[in-house]
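I opened this notebook to keep track of what I looked up, entry by entry. The model goes in first, and my notes follow.

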Amino acid sequence: MLSVEDNELLTRTNAGTPMGQLMRRCWLPALLSEEIPTPDGPPVRVKLLGEDLVAFRDTQGRIGLIGERCAHRGTSLFYGRNEECGLRCVYHGWKYDVEGNVLETPAEPGDSDFKKKLHHTAYPTHEANGVIYGYLGPRDKMPLFPDYEWNQVPLEYSYVTKALLECNYLQGLEGECDSSHLSFLHRAISNERNQILYKSDTAPAYETEDTDFGVRLIATRTADNQHYIRFSAFVMPVYGCVPAGRPTNEFEGYEIHIYVPADDTHCWRYDMGFRRDRAVRNDEVHRRKQIKPDYTRIRNARNNYLQDRQMQKTVNFTGIEDFLNHDACATESMGPIFDRSKEHLGVSDKAVIAVRKFLLSAVKEMQSGKEPPHLIRDKERNWFPHVDCFACLLPHTTPWRQQFDYFTESARKENPASYTARRKAAS
Ligand code: FES
Ligand SMILES: [Fe+2]
């Protein structure tokens, strides 16, 4: 349980709030590349950390992420004309470039230098594997873009979807740090082939470890003299990394679920995934079928997620289709911002507690003048923390620390390049 004050501290992210300041020091997904696929195409609205923005791709392919309201008298630039390297307001023709410079004020006298005195809100962007990230913080504090493994594979080895979640970001994020819900919320009844391990031990043992990216979460279930171990990760500030699907011991990739605050009562859930050694087939991204063109979900709170009570008896635990909607039902029905002073945490919530502790300490330390943890600024450094995330079966006599000794931070620092090879060899 959290005090009302700490709950407020963690959940509010608008400009000026402590958590809002922490988030603004990190690169965050702002939109998908597919939303502005072509130069001079239509701009789109972007809601991020309570701010109303528009994104556009200019004639040269550069991306602008700028304030939605025109600096002149506030008309929405969403309706603007994207032409000749700038976005032009439809009201009086003021034109902005991707950096927020006012290029033209055609309704002003020809000799006016008014435009030189103005600068419009504009944020730096970075595009990687189908996602456009924005940095909304102070320029002199901007860290390097965190080039994690999932951003480095070829585009076709990865996939990404985006969907609106109608609740505070923390509810979504905490769901990623909670392995025990796999045994219930996502349980299949009719197809139990992959469910044996989840069902045989519904109370996994949890361990958490602080790392150089956030917190590693280890859930161990016991079945038939074996340990089924799921290594998940919380990556600062809003990323949850989870092993994809069943326990395979294959050298495959994993999923990254990101919960970016749109405002305090809505967030964008980005589901990214990648494979290390093959392209992802379209039919593997079944989640796309659940999402409408405007990135809201077909199954939502207003239609009770199209829950089917007969299906709930015979097919799966919820009677609702797709993991995305299971998670949404569980987290949205807690209310727009859950009051954590009213909860009752158990042993199974150990990982949730560890992640909250991490975020609370980061935000409180920042309030006392310290820099946020795990942001990388050293341009000379040529590697980023290796997150890794997988599920495996081990004989119950083999401690995972022995099998995966290179998970320690010192081992990674010693030889980061060999990390992937060692991981492969250990699989
Ligand atoms: S309000 Fe945009 S140019 Fe006047
Ligand atoms: Fe889930």
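Entry one, a strand pairing. I looked up Val-54 and found that Val-54 stands opposite Ile-66 in strand 4, helices (H or I, at least four residues) and strands (E, at least two) being DSSP runs numbered from the N terminus. On another pairing, Arg-45 stands opposite Val-54 in strand 3.

Conventions, before I go further. This is a predicted model, in which local features need pLDDT of at least 70 and side-chain atom pairs count only at pLDDT 80 or more, while totals for chains, interfaces and linings use all residues. Residues are numbered from 1 along each chain as its sequence is written, chains are lettered from A and ligands numbered from 1 in the order in which they are written, and side-chain values use heavy atoms, with hydrogens and water left out.

I traced an open sheet of 3 strands in the order 2-3-4 with antiparallel pairing, where two strands pair if DSSP finds at least two bridges between them. Strand 2 (44-48) and strand 4 (63-67) are its edge strands, each pairing on one side only, and the twist averages 35° from one strand to the next, with axes taken as lines fitted to C-alpha atoms and angles running from 0 to 180 degrees between N-to-C directions. I noted 5 bridges between strand 2 and strand 3, and 5 bridges between strand 3 (residues 51-57) and strand 4. The hairpin of strand 2 and strand 3 has 2 residues between the strands, and there Leu-49 takes a positive phi near 50°. On strand 2, Val-44, Val-46 and Leu-48 make up the covered face, whereas Arg-45 and Lys-47 make up the uncovered one.

Entry three, the iron ion. I listed the protein donors of the iron ion (ligand 2) as His-181 (NE2), His-186 (NE2) and Asp-327 (OD), which lie 2.1 to 2.2 Å from it; donors are N, O and S atoms within 2.8 Å of the metal (3.2 Å for Na, K and Ca), and water is not among the atoms, so sites may look incomplete. Their spacing in sequence is H-x4-H-x140-D. Because His-181 lies in the loop between helix 4 (169-176) and helix 5 (196-200) and Asp-327 in helix 7 (residues 323-332), the pair ties together parts that are 146 residues apart in sequence. Both His-181 and Asp-327 are buried, that is, under 20% relative accessible area, with exposed over 50% and partly exposed in between (1.4 Å probe, protein chains only).
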